[in-house]
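Subject: Structure handover

Hi,

Here is the structure we talked about. Please open it alongside this note.

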Amino acid sequence: MKFFIDTADIDDIRDLASTGLLDGVTTNPSLIKKAGKDFIPLIAEICDVVDGPVSAEVAATDFDTMLKEAHKLRAIADNVAVKVPLTPDGLKVCKSLSDEGTQVNVTLCFSAAQAILAAKAGAAFISPFVGRLDDIGADGMHLIAEICTIYDNYPDFDTEVLVASIRSPMHIVEAAKMGAHVITSPPDVIRKLYSHPLTDKGLAAFVEDWAKTGQSIL
Ligand code: E4P
């Protein structure tokens, strides 16, 4: 399972990259706004820090402008994956870019039907938003299960399921149980994966008992 981080905060990206567990980054216009930096140089900086795919999203919604923006984003670095919305024009851009050999992340997916279209358009990644579905009382992880099953039925689909809009460690665990290829998570949720109160309690006891032995390993 690949771990992507869902942020445009370069400090968080550097910090998590240093763990050696980070396989890529996803950004979106809202995350760029939150970062408060210029988009193009920021994506270049992120691409320097992380070897894996860095998703940079187009801002336009019509085919011609999205395609021009996509080419500009693609030129930033070899590891840019262009992110396009799941719309008819977005999928046309996806097909065109994937035919050129550019990785495309199709975003804002909320149904299995949409995920089928993205795979047929040659997307490298499909991003179903589980948290936003949960927010409206639907079952986000059920959608992941559906998409994994459908993609497994068609080995010629190369599209990876990228679980997005993650809100908790359990989303990540459930995604792993379903065999989703990638998760993209906010930094705080990735950090929560490390935590267990029994780990903290057990370590405190080991440290205390070791001190009582009066020994030193080094
Ligand atoms: C995915 O690529 C999106 O950037 C992201 O996961 C959206 O998550 P949100 O619903 O927390 O905004």
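Below is what came out of it, starting with the ligand.

First, the ground rules. This is a predicted model: local features need pLDDT of at least 70, side-chain atom pairs count only at pLDDT 80 or more, and totals for chains, interfaces and linings use all residues. Residues are numbered from 1 along each chain as its sequence is written, and side-chain values use heavy atoms, with hydrogens and water left out.

**Ligand**

Which residues surround the ligand? They are Asp-6, Thr-26, Asn-28, Lys-83, Phe-129, Arg-132, Ala-164, Ser-165 and Arg-167. Each has a heavy atom within 4 Å of the ligand. Polar contacts here are pairs of N or O atoms within 3.5 Å; within protein, one atom must be able to donate a hydrogen and the other to accept it, and residues adjacent in sequence count only if both atoms are side-chain atoms. Asp-6 places a polar side-chain atom 2.7 Å from a ligand oxygen. For Arg-132, the distance from a polar side-chain atom to a ligand oxygen is also 2.7 Å. A side-chain N or O atom of Lys-83 lies 2.6 Å from an oxygen of the ligand. On its own, the ligand has 340 Å² of accessible area, and the protein covers 85% of that. Areas come from the Shrake-Rupley method with a 1.4 Å probe; for residues, only the protein chains shown count as cover.

**Thr-7**

Thr-7 sits in the loop between strand 1 and helix 1 (10-17). Helices (H or I, at least four residues) and strands (E, at least two) are DSSP runs, numbered from the N terminus. Thr-7 is buried, because its relative accessibility is 8% (buried is under 20% relative accessible area, exposed over 50%, partly exposed in between; 1.4 Å probe, protein chains only). A polar atom of the Thr-7 side chain is 3.0 Å from the backbone nitrogen of Asp-9. Beyond four places in sequence, Thr-7 has contacts (heavy atoms within 4.5 Å) that include Thr-26, Leu-31 and Pro-187.

**Core**

The largest nonpolar core has 60 residues. Such a core is a set of buried Ala, Val, Leu, Ile, Met, Phe, Trp, Tyr and Cys residues joined through side-chain atoms within 4.5 Å. Val-106, Ile-126, Val-161 and Val-163 touch the most other members. Helix 8 (residues 140-153) gives the most to this core, with 6 residues. A second, separate core of 5 residues includes Phe-4, Ala-124, Leu-162 and Val-182.

Ala-123 lies in the loop between helix 6 (112-120) and strand 6 (125-128). Is Ala-123 buried or exposed? Its relative accessibility is 2%, so Ala-123 counts as buried. Ala-123 and Val-106 are 17 residues apart in sequence, with their C-alpha atoms 6.4 Å apart. Leaving out residues up to four places away, Ala-123 touches Cys-94, Val-104, Val-106, Ala-118 and Thr-159.

**Helix 9**

Helix 9 (residues 169-178) has His-171, Ile-172 and Ala-175 as its buried residues. These lie on the same side of helix 9, because they cover an arc of only 100° around the axis (taken from the directions from the helix axis to the C-beta atoms). Their packing partners include strand 1 (2-6), helix 8 and helix 10 (187-192). Gly-179 follows helix 9 and has a positive phi, near 80°.

Best wishes
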